[in-house]
Amino acid sequence: MTSEQRVRTESIICKDWRCFICHREYGLDLHHCLHGAYKRLADEDGLFIALCRYHHSRLHDFGENDKELKALAQKSYIEKKVKEGYTNGQARGIWFSRYARFFD
């Protein structure tokens, strides 16, 4: 499966294969909104988006938009759990049990 197909079918954050920040439609990379030890879980949970190479490198080199994208990943995950029938409190608890911190 290509990166474009993954975003369109598996991302719970967005379905567009264009840069989430500037909306460019070329030179795109798949970006996991949570890194390090949480990358595997974030991948399982669909917490990734498309970023153009410029914004992807700015994020990794300088942390630009990193906090906002982590908060967006958390919000998207909790909203998905609420749609599945959990209360907001339960959804936040599930998030915390997986990621051990909040970003909001």
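View 1. Let us start with C52, which is buried, with a relative accessible area of 1%. This model is a predicted one. C19 is buried too, at a relative accessible area of 0%.

**View 2. The largest nonpolar core.** Here you can look into a core of 26 residues, where L34, L47, I49, W95 and Y99 touch the most other members. Which elements each supply at least two residues of this core? They are strand 1 (28-32), helix 2 (39-44), strand 2 (48-52), helix 4 (66-83) and helix 5 (88-99). Strand 2 gives the largest share, five residues. In soluble globular proteins, nonpolar side chains tend to be buried together.

**View 3. I49 and its contacts.** Zooming in on I49, we find it touching V7, I13, C14, F20, D29, L30, H31, C33 and L69, once residues up to four places away in sequence are set aside.

**View 4. D66 in helix 4.** D66 lies in helix 4. Is D66 buried or exposed? With a relative accessibility of 14%, D66 counts as buried, because the limit for that word is under 20%. Beyond its neighbours within four places in sequence, D66 is in contact with H35 and L59.

**View 5. S11 in a loop.** S11 sits in the loop between helix 1 (3-10) and strand 1. Its relative accessibility is 1%, so S11 counts as buried. Not counting residues up to four places away in sequence, S11 touches R6, G46 and F48.

**View 6. Stepping back to the whole chain.** The chain has five helices and two strands, and along the sequence they follow the pattern α-β-α-β-α-α-α. Its C-alpha atoms fill a box of roughly 40 × 30 × 20 Å along the principal axes. Buried residues make up 38% of the 104 residues. Among contacts with a separation of 6 or more, 55% join residues 24 or more positions apart.

Methods. Residues numbered from 1 in each chain as written. Predicted model: local features only at pLDDT ≥ 70, side-chain atom pairs only at ≥ 80, totals over all residues. Heavy atoms only, no water. Buried < 20%, exposed > 50% of the residue type's maximum accessible area, 1.4 Å probe, protein only. Core = buried A, V, L, I, M, F, W, Y, C linked by side-chain atoms within 4.5 Å. Helix = DSSP H or I, 4+ residues; strand = E, 2+ residues; numbered from the N terminus. Contact = heavy atoms within 4.5 Å.
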